[in-house]
Amino acid sequence: MLIAEAHGDEAIQNLVDNVCARMNTDDSPGHHIAADWRGLPYQAISHGHASDEMLSAMRSSDESIGTETKTNGSLVVGAFTGPAGTVYISEKRAAVVGATRRSLLIQVFAVLLLGVIAAFVVSVVLRQLIAKPIQGFVSALQSVASGDLSVIARTRSCRELSYLADQINAMTEALDHAQRDHRVHMEKARQIQQNLRPTMNGLVGIDVAELFEPADDVGGDYYDVISLPDGRYLLCVADVSGHGVPAAMAATLLKAFVSEAAKKSFSPAEILTDVNQRYCEYVMMGHFATMALLVVDPTRRQLTYANAGHEFPFLQLGGETPKRLNVGDLILGVETDTHYDEETIELDGPVRIVIVSDGVTEAFDHNDGQYGTDQIEQLMSNVPNATARELIQEFETSLETFRNGRIAFDDTTLLVAQLT
């Protein structure tokens with residue numbers, strides 16, 4: 001304005017108009033310029049905002065020297081005061097507030113957008129560096145838990161996760177070695193238990209066959225055929241609660257107890273009483289067992305039996321309907337002073353004896369139906385002329401058909417003895 005001043009008042013007015021006209025109406029829709037120069041008032045007339053009231057409002061905002069921005073009602077006024085006068089620039093307050101809000105919204109949106117982009121980038125990085133390797137570790141551990149010890153955990157991520165992968169692989173390798181050792185030991189235990197099974201060769205006057213299927217590598221069922229003096233035979237089937245190694249160890253003790261007791265007495269009741277006393281003494285409480293003992297005399301045609309809570313044996317004389325030998329007492333391992341009773345039966349004609357463990361009668365099909373005792377009696381009646389081995393094969397086929405692929409949950413033992 002100092003330069004325009006040299007050309008007169010009109011030049012000053014033109015300068016104010018030109019500057020005001022050049023201001024962007026879109027960016028500053030309510031702007032206005034005025035001045036008090038050398039005592040004379042000037043206002044831009046290019047936008048039609050000039051008036052005495054506008055100038056008065058702009059002057060009233062100038063309360064101090066210097067450059068300030070003040071609000072006066074609906075106006076926001078900036079004033080610059082110099083030696084020759086004061087220049088005022090005003091804008092509508094609503095326009096300034098709107099522009100400020102738009103600017104803040106743009107900035108907030110920009111910050112949020114940058115935050116989303118940053119979060120996405122961080123998420124991708126974390127997924128590649130942490131989440132994906134951890135998912136691989138979880139998958140590997142799930143495979144290990146299901147029994148697959150051939151999996152290998154791998155990662156190219158950070159050093160810490162690489163260390164974790166190495167530890168998982170070391171654990172898997174150790175488990176694989178332990179499992180191999182376990183399989184070797186269980187195979188040896190199975191072979192030992194198989195070697196403890198009685199031999200059926202050289203039996204006179206009696207035909208014996210068996211079905212023995214442990215639910216695990218080794219089982220808790222025990223059966224035996226012991227030759228006694230005078231051509232008699234002791235038939236024994238026992239079932240220790242549970243299955244696997246603990247039950248197999250208890251069953252092995254039972255075999256030793258029965259063999260030792262049979263050297264002192266040929267009475268099934270006395271043998272059971274002796275076995276129970278020793279079983280209570282040596283076996284941990286809670287590992288109960290059932291046992292059926294039968295002494296068969298093919299020459300005198302007699303059968304004497306006792307039972308410690310076991311499935312009642314089946315007796316079939318000639319072509320008659322099978323019946324149950326239902327004399328029985330308390331299971332083994334409960335009370336040390338239990339004394340057992342026995343019953344003697346005179347045998348006439350062909351004789352068939354079937355002794356089973358509850359793994360036979362409690363075999364399940366896919367509908368949770370049990371095999372039961374009726375099917376045993378029916379099968380015995382259907383093949384009256386079958387040999388002991390043939391009858392065992394019939395039972396084996398019948399059980400397999402009944403289960404229809406369902407895995408046995410308990411040891412399966414079946415002993416057949418026939419007198420002709």
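1. Helices here are DSSP runs of H or I with at least four residues, strands are E runs of at least two, and both are numbered from the N terminus.

2. A quick word on the ground rules: this is a predicted model, where local features need pLDDT of at least 70, side-chain atom pairs count only at pLDDT 80 or more, and totals for chains, interfaces and linings use all residues. Residues are numbered from 1 along each chain as its sequence is written, and side-chain values use heavy atoms, with hydrogens and water left out.

3. Back to α10, residues 388-403: at 1.5 Å a residue its 16 residues should span 22 Å, and the end C-alpha atoms are 23 Å apart, which agrees. (The expected span is 1.5 Å times one less than the number of residues.)

4. Which residues of α10 are buried? They are Ala 388, Leu 391, Ile 392, Phe 395, Ser 398, Leu 399, Phe 402 and Arg 403. Buried means under 20% relative accessible area, exposed over 50%, and partly exposed in between (1.4 Å probe, protein chains only).

5. Now look at Glu 346 in strand β13 (residues 343-346). At 52% relative accessibility, Glu 346 counts as exposed.
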